[in-house]
Amino acid sequence: MSRFEIRRGRRELTPDIADRYVDLIDNETGAKARVNLKGANLEQLFLKFDGEKDPVSVVYSYADWEAFERGVSRLKSTDQLDDTQALNAYLLGSEHATWASGTVISPANRLLDGILLTMNPDGSIIDRLEFEPNHDSSHSLLHGYVMNGMFGITDKSESDSGASVTLRVPVGYNMPGYGERVHAYITFSLKKDGLYEQIRIINEGGKPTPISLSRHLSLRVGDIPLDNHYLSMHALGMLETDDVNNPTGRYVPQQLFIPGQPLYLGNINLDGTFVMGD
């Protein structure tokens with residue numbers, strides 16, 4: 001057996017709903033990354049830290065039933081889950097990330113009024129698409145629909161140096177007219193020094209396609225409270241947001257993060273859009 005291996009699995013939520021996932025495992029340290037094929041979701045990550053006997057979870061999960069209910073309220077309100085199904089989902093959900101955590105966001109975190117414009121550099125409009133908003137307070141299309149899709153594995157490998165798996169994800173999943181023949185190839189690689197993720201976006205259609213693909217991660221080290229963590233970020237500035245957290249499009253300076261100086265989170269509330277640098 002190689003030091004690193006890949007295992008595939010399936011969990012039944014209800015008779016009609018099942019989770020399919022793949023585990024990347026380091027048999028020497030016990031480190032593990034679980035990638036759910038739904039949403040290309042990084043739902044579990046256990047890493048070995050100096051001074052710790054066993055690998056520590058770094059994916060933030062639901063703390064209790066009340067927190068889970070808040071997370072699935074939108075699903076219940078649309079009759080996708082009844083109370084029994086929600087309870088079953090919670091029991092399984094306690095193993096992995098919170099609502100939307102770890103999944104892929106495409107074409108953007110928010111589309112105000114559900115409107116997506118493709119424009120030339122001079123500001124003239126090439127294309128205008130409209131989609132139904134799904135977030136009442138901001139009246140936006142939040143996160144897109146990639147998180148709802150089940151995606152296939154295009155490549156995988158396992159050896160003594162690492163294990164990797166690649167998923168093929170249509171960036172315009174369930175969004176007619178957007179991202180036709182545009183795919184993201186997302187590779188997760190578990191190696192001796194941690195987990196790596198690589199994303200390649202290939203436009204096979206030739207049509208100009210605006211995209212801001214990202215991952216919705218919620219991370220912390222084990223059971224340590226979030227306010228006892230330090231965070232480093234090479235942030236050049238921020239995109240201003242309004243009172244419901246929709247970006248205004250205006251670039252503003254940021255003064256929280258200083259290169260080389262980790263920020264102690266404490267009681268700081270961070271929910272901003274940072275512009276990153278090298």
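1. Tyrosine 230 has a relative accessible area of 58%, which is over the 50% cut-off, so tyrosine 230 is classed as exposed. This and everything below refers to a predicted model. Tyrosine 264 comes out at 41% relative accessibility and therefore counts as partly exposed.

2. How many aromatic pairs are there? The count comes to three aromatic pairs. In one of them, the ring centres of tyrosine 230 and tyrosine 264 lie 5.1 Å apart with the planes at 55°, so this pair is tilted. The pair links distant parts of the chain: tyrosine 230 belongs to strand E16 (residues 230-231) and tyrosine 264 to strand E19 (residues 263-264), 34 residues apart.

3. Phenylalanine 257 and phenylalanine 274 also form an aromatic pair; it is edge-to-face, with 5.4 Å from centre to centre and 85° between the planes. This pair, too, links distant parts of the chain, since phenylalanine 257 is in the loop between E18 and E19 while phenylalanine 274 is in strand E20, 17 residues apart.

4. Strand E17 (residues 235-241) pairs with E18 in the antiparallel sense over four bridges. Across this pairing, threonine 241 stands opposite proline 247 in E18.

5. An open sheet of four strands runs in the order E11-E12-E13-E14, again with antiparallel pairing. Its edge strands are strand E11 (152-158) and E14, each of which pairs on one side only. Neighbouring strands here are turned against each other by 15° on average, direction ignored. The antiparallel pairing of E11 with strand E12 (residues 162-170) covers six bridges. Lysine 156 stands opposite valine 165 in E12.

6. Turning to charged side chains, the structure holds eight salt bridges. One of them joins glutamate 28 to arginine 3, with the closest N and O atoms 3.5 Å apart. Glutamate 28 is in the loop between strand E2 (17-26) and strand E3 (32-36), and arginine 3 is in the segment before strand E1 (4-14); the pair thus links distant parts of the chain, 25 residues apart. Which residues make up the network around this bridge? Arg3, Asp26 and Glu28 are linked in a network of salt bridges.

7. What is the accessibility class of glutamate 28, and what is that of arginine 3? Glutamate 28 counts as exposed, at 60% relative accessibility. Arginine 3 has a relative accessible area of 16%, which is under the 20% cut-off, so arginine 3 is classed as buried.

8. Arginine 7 and glutamate 5 meet through their side chains in another salt bridge, at 2.9 Å from N to O. Arginine 7 counts as partly exposed, with 43% relative accessibility, whereas glutamate 5 counts as buried, with 14%.

9. Aspartate 127 forms a salt bridge with lysine 207, and the closest N and O atoms are 3.1 Å apart. This bridge links distant parts of the chain: aspartate 127 lies in strand E9 (residues 125-130), and lysine 207 in the loop between strand E14 (194-203) and strand E15 (214-216), 80 residues apart. Lysine 207 counts as partly exposed, at 42% relative accessibility.

10. Arginine 34 lies over the face of tyrosine 21, at 3.8 Å from the ring centre. Lysine 191 lies over the face of tyrosine 196, at 5.2 Å from the ring centre.

Definitions and conventions: Residues numbered from 1 in each chain as written. Predicted model: local features only at pLDDT ≥ 70, side-chain atom pairs only at ≥ 80, totals over all residues. Heavy atoms only, no water. Salt bridge = Lys/Arg side-chain N within 4 Å of Asp/Glu carboxyl O. Helix = DSSP H or I, 4+ residues; strand = E, 2+ residues; numbered from the N terminus. Buried < 20%, exposed > 50% of the residue type's maximum accessible area, 1.4 Å probe, protein only. Pairing = 2+ DSSP bridges. Phe/Tyr/Trp six-rings, centres within 6.5 Å; stacked < 30°, edge-to-face > 60°. Lys NZ or Arg CZ within 6 Å of the ring centre and 35° of its normal. Axes fitted to C-alpha atoms, helices over the stretch in contact; angles between N-to-C directions.
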